[in-house]
Structure formats: C-alpha cells, structure tokens
Amino acid sequence: MAASLSTLHLHHQLTFFRKPSFSLLNKSVRSTRITASLEFNITFAPPKPKPKLPANLQTDAVSPSLPPGQHFIPWIVRGEDGNLKLQSNPPARLIHDIADAKTQPKKKKDQVKKESGGNVKARMEAEPKRSKAARRFYNENFRDKAQRLSKVLAAAGVASRRSSEELIFEGKVTVNGSVCNTPQTRVDPGRDSIYVNGNRLPKKLAPKVYLALNKPKGYICSLGKKESKSVMCLLDDYFQSWDKRNPGLPKPRLFTVGRLDVATTGLIIVTNDGDFAQQIAHPSSNLSKEYIATINGVVSKRHLFAISEGTVIEGVHCTPDSVELLPQQSDAPRPRLRIVVHEGRNHEVRELVKNAGLEIHSLKRVRIGGFRLPIRPRAWEAC
C-alpha cells in the first residue's frame, strides 16, 4: 500500500531528571512532562481490483432470494455439461439423501447368527470392548470358573502340582464317574464330581492366603511330612483356628515362595496362589531383595568394591544393586553389610561375600519388593 506524507510538524518540550539509585527506588520520583503536537495528512492508494471469476463459475453466483450484501455459503457442483459452477443452494441430490437417511436398525438375532457363522455368543461377547476393570469384575463373578484338573487338586490341598499330575496319570482321580488321565482337563469343583482315592473333593476351594513369615535359624523350607523342623510347623496355630475364622471352607495347602537355606533367617512369603508365587519368584519381575549380612573380621573399601563388582553364579555374572556398610551398634560388635540383589540365584549373597574374601557370621533377609519383615521371630502376619 502506497502512502504519501505531506506535512509533519512536531513541537515538544521535555523536562529531564537524573536516574535514581537503587537505594531510592522505593521513594517517589518526579515524572517527566512531555507535551507534543502532531499533524498528519495521509492518503491511501486505491484498493486492488478483485479477480473476476471464470464465465463457467459466474452462473447462479447470487441467489435472488438473498438481500443485497448478505453472505452465503457457496456450493461448487458439477453440472450436467461436466463443468463446475458456483451456487448458493446445496445440491438437490444431497438434500434428498439427507431427507431419506434413517438410523441404523438394531441387528436381529438371526442376522447376527448369520454373520458370525452360528456362534452368536462369541459375537455378542466380542462387541463392545470393555475396560480392564470391567473385564476383571466379569471374570471374578460371571465367567466360567473351570480350571485344569491338576491345578484344582493342588488348590484343594490334595498334593502339589506335580504330585497331583502323578495321581492323575496313575488313574486315581475320577471326574463325574469316569477315570481321568489328563491333567489339562477343564473341571469346575462346584458342578463336577471329583474323587481322589475314593474321597470326594469339596465343592468349594480354599481362599487365597498370603502370609509373611519370619523364619528362624535351623528351619528348612520343605513341605515334606517327615521334616520335623519345617517352616510349616510355625503355622500350626494358624491352621488350628482355621475352622473358626473360615467355617465351611477347606484348609489351604500352603507353600513357600522361594527358599531360604537352613542357616539364613528373615522374611519368607507363604501362600497357596501359584500365579502370585510365580510373579514374585521369577527373575523377570526384577523384585529387589534386601539382606543384612553380619561379617566375621574387618570390612574395608576393597571388600565393598569386590562385592559390588559381582561374581559368576551358575554360569551367570550376578551384580548386586547396592552394597552399604552399616554403622556399628553397641550390642553388635561385628560389622554389618546391607546388600540388595534382584537376580534371586541360589546362595547369591553368600557367594558375593565369599568372593570378596569375607566370612559371613549370620545372614537375614529383611525385604522382598514392598514386603517388610515382621517384628518378632517365628511370627507371621497377613500380607
């Protein structure tokens, strides 16, 4: 845009003042007085001419029904002659399609059956998709509760998973009057009649139990009945009061998640949930395990560096997450090390300390993931 400036008169009067120091910023300062008179004479160039539309697009450009100066929505359509034209009204074909449009009717059961190939139930359940919370609620309350036969026997406390499979292979388990030799057979204790060695399996399975136990020294993590000093002996009072706390429910068959050797004390988890135990014990879970190792002798920085470098256990190089020398206590003159690992290898902490040239006096596990050790030895508490 071109502009021409003919005259410009500027008269001003200014009153200056000295810049204040930082110590006077909070005090009032006399403001500047400016007076000015401006006179402008500005002219603008004429507007540029708008480009003209092609002749084939000027047809029906303005509807006669619209008042002059009113805006309209242009519709560019292709006429019968194949040329494009501009009009203010939507095409007649679009108006007819909108008028004839109807909402989609609900599909009848026969039509759904025809589309899904006869499996109406699968079609109905597949649509729509549910949230994770809704699927969990459905699985816990409405879904078919059939499980593998070997898993049902283990959950009922008959035997371990492997021992249950051996009973099934030996033909000692019957389902609805027939001998079943397949551990993968899907059964529901609430509907199916299951017998093991002539004894009827209860219709209700034992609830899931999760206990944190403070294992003392001298006890082993074995479930054998011949073992007199098993950690399960520490839960006798728990099983004695089971019928009072859970009337009508069978006693669960508990087992330990992982193991602690006979000389190691501390936290061990006891449960009857195999899936939960697999998640805790499997190395892919990367759950950290914290140990307190009491050492015979003097611990130096060289020993700490040697432990932090790790060692090879069962052909795998294992490295601890952290190694820390704890402050010495008045009632415990021996030095103590706090070692955190996540591999879960057999005797991992003992091998790490042994590789550094140290001797362990006692070893205690105090944490598994977010589970902490109960206070009293031989004590247990619900997780």
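Start by selecting Thr264, which is buried, with a relative accessible area of 2%. Here buried means under 20% relative accessible area, exposed means over 50%, and partly exposed is in between (1.4 Å probe, protein chains only). Before going on, some housekeeping: this is a predicted model, where local features need pLDDT of at least 70 and side-chain atom pairs count only at pLDDT 80 or more, while totals for chains, interfaces and linings use all residues. Residues are numbered from 1 along each chain as its sequence is written, and side-chain values use heavy atoms, with hydrogens and water left out.

Back to Thr264, which sits in strand β15; strands (E, at least two residues) and helices (H or I, at least four) are DSSP runs, numbered from the N terminus. Now show what surrounds the residue: leaving aside residues up to four places away in sequence, Thr264 touches Lys215, Pro216, Arg350 and Leu363, a contact being heavy atoms within 4.5 Å.

Which side chains does Thr264 meet through polar contacts? One is Asp261, at 2.5 Å side chain to side chain, and another is the side chain of Arg350, at 3.2 Å. (A polar contact is a pair of N or O atoms within 3.5 Å; within protein, one must be able to donate a hydrogen and the other to accept it, and residues adjacent in sequence count only if both atoms are side-chain atoms.)

Next, select Arg350 and Asp261 together. They form a salt bridge, with the closest N and O atoms 3.4 Å apart; the rule is a side-chain nitrogen of Lys or Arg within 4 Å of a carboxyl oxygen of Asp or Glu. Arg350 belongs to helix α11 (residues 348-355) and Asp261 to the loop between β14 (255-256) and β15 (264-271), so this pair links distant parts of the chain, 89 residues apart. Arg350 is partly exposed at 24%, and Asp261 is partly exposed at 23%.

Now jump to Arg367 and Glu290, a salt bridge with its closest N and O atoms 2.9 Å apart. Arg367 is in strand β21 (residues 359-368) and Glu290 in strand β16 (residues 289-296), so the pair ties together parts 77 residues apart in sequence. Buried or exposed? Arg367 counts as buried at 13%, and Glu290 is buried at 7%.

Last stop: Arg338 and Glu324, whose side chains meet in a salt bridge (3.4 Å, N to O). Arg338 lies in strand β20 (residues 336-341) and Glu324 in strand β19 (residues 322-325). Select Glu290, Glu324, Arg338, Arg367 and Arg372 to see one network, joined by salt bridges that share partners.
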